[in-house]
Amino acid sequence: MPVAATVNGQAVAFESETDTPLLWALREELGLTGAKFGCGVSACGACTIHVDGRTVRSCVFPVSQAAGKTITTIEGLKSNEGELHPVQQAWIEAQVPQCGYCQSGQIMAAVDLIARLGKPTPAQIDEAMTNICRCGTYPRIRAAILRATDQAAE
Amino acid sequence: MKIKRRYFLLGAVAVAGAGVFGVKWADGDAQRRAMATTIGDGEAGFTPWLKIASDDVVTIYSPTIDFGQGSHTALAQMAAEELDADWTKVRVEQAPALPGFANAAIIQGFANEAGGLGDKIPKSLLSLVARSMPMQLTGGSSSIRYVGQILMRKTGAAARYVLLEEAAAQLNAPVSELTTADNIVTHAASGRSLRYGEIAAAAAERSLPNTPTLKEPAAYRLIGQPVARLDIPSKVDGSAQYGIDVSLPGMRVATIMMAPVREGRLESVDEQPALAVPGVEKVVQQDDAVIVVARGYWQALKGLRSLSPRFSDAGHAALNSPAIYEAQDQLREAGNATNSAGSGDVDVHFDAPDAQIVEAQYRVPFVHHAMMEPFAMTAHHQDGKLEIWVGMQDPLSVRKIAAEAAGLSPDDVTVHPLIMGGGFGRRFPQSCQIIAQSARLAMECPWPVKLIWSREEEVRHGAYRCQSSAHLKAAIGADGAIAAWRTDYVQRDNAEMECPFNYAVPATSRRHFTYTTNQDDGPLRSVNSTQMGFYNESFIDELAHAAGQDPYAFRRAHLADGSRHQRVLDELARRSGWQSTPAPGVGRGMALVESFGTIVGQVVEASVDEGGQPHVHKVTAVVDCGSVVNPLNAEAQIQGGIIMSLSIALGEEITLENGAVVQSNFGDYPILKLADTPPLIDVHFLQSDAAMGGLGEPGVPPAAPALANAIFAATGKRIRTLPIRDQARALEA
Ligand code: FES
Ligand code: FES
């Protein structure tokens, strides 16, 4: 039985079997490939999306739990006019991405962090930003979050 | 579209390479075919790597791959610099996987660097070339210094030359009265000007000069500028398409389980349980693996997990990591080195009555690349033709390997190169099992099939940085200086070509003992310089303490006065505040390593807490890579290298048990996270006249020994085996 949800503002009905991780339903059913597969066991954060505004690691979040939920992926962060989200803008200004593979997840995690805390402290950033970046972009992720929240870098 | 004789520019480069290596490079035909694939209506191709459209858009085709190092942007900067292009009109694309775009510049670069080679090609050099060719393109550190310096700048300068000639003809003015800037040729005397787009088609008909004059650094407008990377916008909105993102009509998705013991074979598997899983369409058995094909990844994975395949262990069942170290020790103690290098007679100094002898043994484990994007490759076989979509370091080799696996001619294989979620040396095709797996799989399927490796397969079937060990011995003379230094190291590959020993020591000896396992030792970011840097820079720290000297002063005394190395070291001491007293409990450690033509010195500040957890507080790096094309990107490369190195030193280790890899995912193969990354990683570049060095790799080697030396300074305990993780508990000061 299809699972109804809202994805990036659109009503959708997932046909995937209900134990399918939302990551694969988004990628393979809806063609939203911005959320990435990194580990499949909730250890890396490459698959981070928002469910009802909060970060979820979609590789371990079954479609069944998405019923009736509002889901946002990196593709849905832009405004209706196509303008980048301020966090995305800060990511460009700080020239964060290297290979870029982890960055959808990093940005989604940062958007949630800022939505919750406004101006996170360095300690709060350390605590919240647990996604892996093998390219080692962490210094610029820190800088971009500070920039997005109008805080001077140390 | 008309194309005439404008192929000899690269021809000249190619011949130089061929002269040294006896390799024949792309001929005019190959380049013509290559250009036919990229030049459209209203566009003029000057070489396969540069075209200008009538609307002034300049497109650069990069023959090397960018997997995140920003090399595409830097290469475009270099071509655009010489072309005097309008940067806002410059685009960069990956060159298609065709021989006409091939990368002779890299081979020539290495040949020049090696200098004075006869017509005999040393195997070790060829393998170094091969290994570095795909990687670091910014990283392997060849793309900017070779492709950029040799190919891109000449291409840009040659195109500008013929644009000027054409403008002179059309404006009826001598070239000497013309100037170029931002895609426009101007004749100031008459006030007239022409856009590149207007004259490109005619200019491209002219013969390109063989040795166009290149700009002096003082005239640079783009090189050396912190230009924003061209690929970044697509990496913040999710639109960048990686190998794993490919989707084709009718495509199926597959996943794989390989023999847990490398070189093992699939003996038997009952396919029925997988075929009973909804969505599973096919089970394919290969020599050493079983593959499940389904409508989607999750279904394929469920199908795979339902199987109980039997694999052989190929006789490796007794292979265990501790036993590897023991076997390496025995091999070294037996004393039959495979390769020897050095100068002077170390034994004379070791036997001298007043010599202070210091010895130490170091060990480093297998290390996994852990690129964030697991392997994924899509292949489709139809009517004898194979089409491939994949992100790999060297698309031409992909084509060859896939053709061989599929039993086709390379001409019948088309490779669509896609961007890569990291590589660090792992995406060198010769070590990428997935190419043959995917090509063979496609031959058995009526649909396009995307094969995705799970993270578990990725971790267990890597081309790891080798498990290696070394015994170092030195004699310190009565004058407090090192009189003799010997490094005996055991691993598969000879590292002599890669790791210059920069300290002035009267007698040195480096002996390589060849030791192989069932693993496919692969190049990992900075290749052998990771472990050799750890050995040398840990040991010189031990020698400094044995001699009762400050590690900075001791290193300095063994570097040539006025050398680049000494300059880096001095600047490092100054920037890091080496002479000041660190915070209580914090130790400072230093290391200096040259790799890929770049000298990097680092100082790490670290402490060990009461629970035995090491903490890195600050890293200072000073880099001499000659000159820097893009400082923003250069900083990111060095920082990324440092973080990867700290991660490896602190916690990363692949171990073998009964011939199979123990680790399986990020839970037992931990990668450094943001919270553990030092708040401050200060990177400084020193300009020098030296040839341009690499940037992707050289940041890596110094961080591990600098950290171990810092822990010694903080706790008095010496780390001689990596990773530090499990030993740190015993270390609290
Ligand atoms: S893929 Fe979901 S956390 Fe790694
Ligand atoms: S940018 Fe490559 S993994 Fe983060």
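In this predicted model, the centres of domain 1 and domain 2 of chain A, taken over C-alpha atoms, are separated by 20 Å. Domain 1 spans residues 3-75 of chain A and domain 2 spans residues 86-148. Over all chains, the count of salt bridges comes to 49.

**Interface between the domains of chain A**

- Domain 1 of chain A contributes 17 residues to the contact, and domain 2 of chain A contributes 13.
- The two domains of chain A bury about 1200 Å² between them, with carbon and sulfur atoms giving 56% of this area.
- Of the area that domain 1 buries against domain 2, 37% is supplied by A:His50, A:Arg54 and A:Ile74, more than by any other three residues.
- Across this interface there is 1 salt bridge, and 10 residue pairs are in polar contact, both residues being at pLDDT 80 or more.
- On the side of domain 1 that touches domain 2, the elements giving two or more residues are β3 (48-51) and β4 (54-57) of chain A.
- The residues on that side of domain 1 comprise 6 nonpolar, 8 polar and 3 charged.

**Salt bridges around A:Asp112**

- A:Asp112 and A:Arg54 form a salt bridge through their side chains, with an N to O distance of 2.8 Å.
- A:Asp112 also meets A:Arg116 in a salt bridge, at 3.6 Å from N to O.
- Both A:Asp112 and A:Arg116 belong to helix α3 (residues 103-117) of chain A, where they lie 4 residues apart, about one turn of the helix.
- A:Asp112 has a relative accessible area of 4% and is therefore buried, whereas A:Arg116, at 42%, is partly exposed.

**Interface between chain A and chain B**

- The contact involves 48 residues from chain A and 62 residues from chain B.
- The elements giving two or more residues to the side of chain A that touches chain B are α1, α2 (86-93), α3, α4 (122-128) and α5 (138-148) of chain A.
- Helix α5 of chain A gives the most to this side, with 5 residues.
- The residues on this side of chain A divide into 24 nonpolar, 12 polar and 12 charged.

**The salt bridge between A:Lys36 and B:Asp245**

- The side chains of A:Lys36 and B:Asp245 form a salt bridge with an N to O distance of 2.5 Å.
- A:Lys36 is in the loop between α1 (22-29) and β3 of chain A, and B:Asp245 is in the loop between α8 (232-236) and β8 (252-258) of chain B, so the pair joins two chains.
- Both A:Lys36 and B:Asp245 are buried.

**Salt bridges within chain B**

- B:Arg564 and B:Asp624 form a salt bridge in which the closest N and O atoms are 2.8 Å apart.
- This pair links distant parts of the chain, 60 residues apart: B:Arg564 lies in helix α18 (residues 564-576) of chain B, and B:Asp624 lies in strand β24 (residues 614-624) of chain B.
- B:Arg564 is partly exposed, with a relative accessible area of 26%, whereas B:Asp624 is buried at 0% relative accessibility.
- A network of salt bridges links B:Glu81, B:Asp84, B:Arg160, B:Asp182, B:Lys215 and B:Arg221.

Conventions: Residues numbered from 1 in each chain as written. Chains lettered and ligands numbered in written order. Predicted model: local features only at pLDDT ≥ 70, side-chain atom pairs only at ≥ 80, totals over all residues. Heavy atoms only, no water. Domains from an automatic or database assignment. Contact = heavy atoms within 4.5 Å. Buried area = accessible area lost by both parts, 1.4 Å probe. Salt bridge = Lys/Arg side-chain N within 4 Å of Asp/Glu carboxyl O. Polar contact = N/O pair within 3.5 Å; in protein donor to acceptor, adjacent residues only side chain to side chain. Nonpolar A, V, L, I, M, F, W, Y, C, P; charged D, E, K, R; others polar. Buried < 20%, exposed > 50% of the residue type's maximum accessible area, 1.4 Å probe, protein only.
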